[in-house]
Amino acid sequence: MSRDTIADILTFLRNADMDKKGTARIASTKIAESIVKILLREGFLENVRKHRENNKSFLVSTLRHRRNKKGTYRKIFKRISRPGLRIYSNYQQIPRIFGGMGIVILSTSRGIMTDREARLEGIGGEVLCYIW
């Protein structure tokens with residue numbers, strides 16, 4: 001694991017999706033729980049449970065599968081703001097991914113939220129990642 005926990009979360013999910021595993025095991029932090037909760041609410045994940053092993057907590061997330069075909073939905077996780085270059089946006093300039101089909105996850109003064117929630121609240125913040 002590196003020092004960039006958000007990139008680690010996205011990499012774990014991307015690798016589990018490409019490997020067609022179905023589950024990803026993510027180290028449990030407040031940021032990870034918030035991002036996974038958003039992905040669960042938006043329908044990118046099917047199930048999330050907390051697992052404790054040797055005094056360490058993990059989030060075991062189940063990726064959403066197709067109904068009739070084998071494999072998973074192809075999800076794209078793209079990290080935008082990173083430790084070397086922070087990207088901030090006000091609520092009027094938050095990008096729309098594929099005309100609203102994807103989501104942008106932002107870190108705001110009111111917590112981690114999606115682009116739709118931030119526009120409704122009228123607040124901007126740090127653009128963490130794009131997911132579509």
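Modeller: Leaving out residues up to four places away in sequence, V36 touches I26, L45, V48 and L59, where contact means heavy atoms within 4.5 Å. This is a predicted model, in which local features need pLDDT of at least 70 and side-chain atom pairs count only at pLDDT 80 or more, while totals for chains, interfaces and linings use all residues. Residues are numbered from 1 along each chain as its sequence is written, and side-chain values use heavy atoms, with hydrogens and water left out.

V36 is found in helix α2; helices (H or I, at least four residues) and strands (E, at least two) are DSSP runs, numbered from the N terminus. At 2% relative accessibility V36 counts as buried, a word that stands for under 20% relative accessible area, with exposed meaning over 50% and partly exposed in between (1.4 Å probe, protein chains only). V36 and I9 are 27 residues apart in sequence, and their C-alpha atoms are 8.7 Å apart in space.

I38 also lies in helix α2, and I38 is buried, with a relative accessible area of 2%. Not counting residues up to four places away in sequence, I38 touches I103, I105, I112, M113 and T114. For M113, which is 75 residues from I38 along the chain, the separation of the two C-alpha atoms is 7.3 Å.

The helix that α2 meets is α1. The axes of α1 (residues 5-18) and α2 (residues 30-42) come within 10 Å and cross at roughly 45°, which makes α1 oblique to α2. Axes here are lines fitted to C-alpha atoms, for helices over the stretch in contact, and angles run from 0 to 180 degrees between N-to-C directions; those under 35 degrees count as roughly parallel, over 145 as roughly antiparallel, 65 to 115 as roughly perpendicular and the rest as oblique. In this contact T5, I6, I9 and L13 of α1 meet I31, A32, I35 and L39 of α2, and the residues involved divide into 7 nonpolar, 1 polar and no charged. For that division, Ala, Val, Leu, Ile, Met, Phe, Trp, Tyr, Cys and Pro count as nonpolar, Asp, Glu, Lys and Arg as charged, and the others, Gly among them, as polar.

S61 is buried, with a relative accessible area of 0%, and, residues up to four places away in sequence not counted, S61 touches L13, G22, T23, A24, I26, L45, N47 and V48.

Another serine, S89, is found in strand β5 (residues 88-89) and counts as buried at 12% relative accessibility. Apart from neighbours within four places in sequence, S89 is in contact with I94, G124, G125 and V127. A polar atom of the S89 side chain lies 3.3 Å from the backbone nitrogen of I94, and the C-alpha atoms of S89 and I123, 34 residues apart along the chain, are separated by 9.1 Å.

Two loop residues remain. N55, in the loop between β2 (45-53) and β3, has a positive phi of about 60° although it is not a glycine, and N55 counts as exposed at 69% relative accessibility. F98, in the loop between β5 and β6 (103-108), has a positive phi of about 50°, again without being a glycine, and at 56% relative accessibility F98 counts as exposed.

Notes:
Polar contact = N/O pair within 3.5 Å; in protein donor to acceptor, adjacent residues only side chain to side chain.
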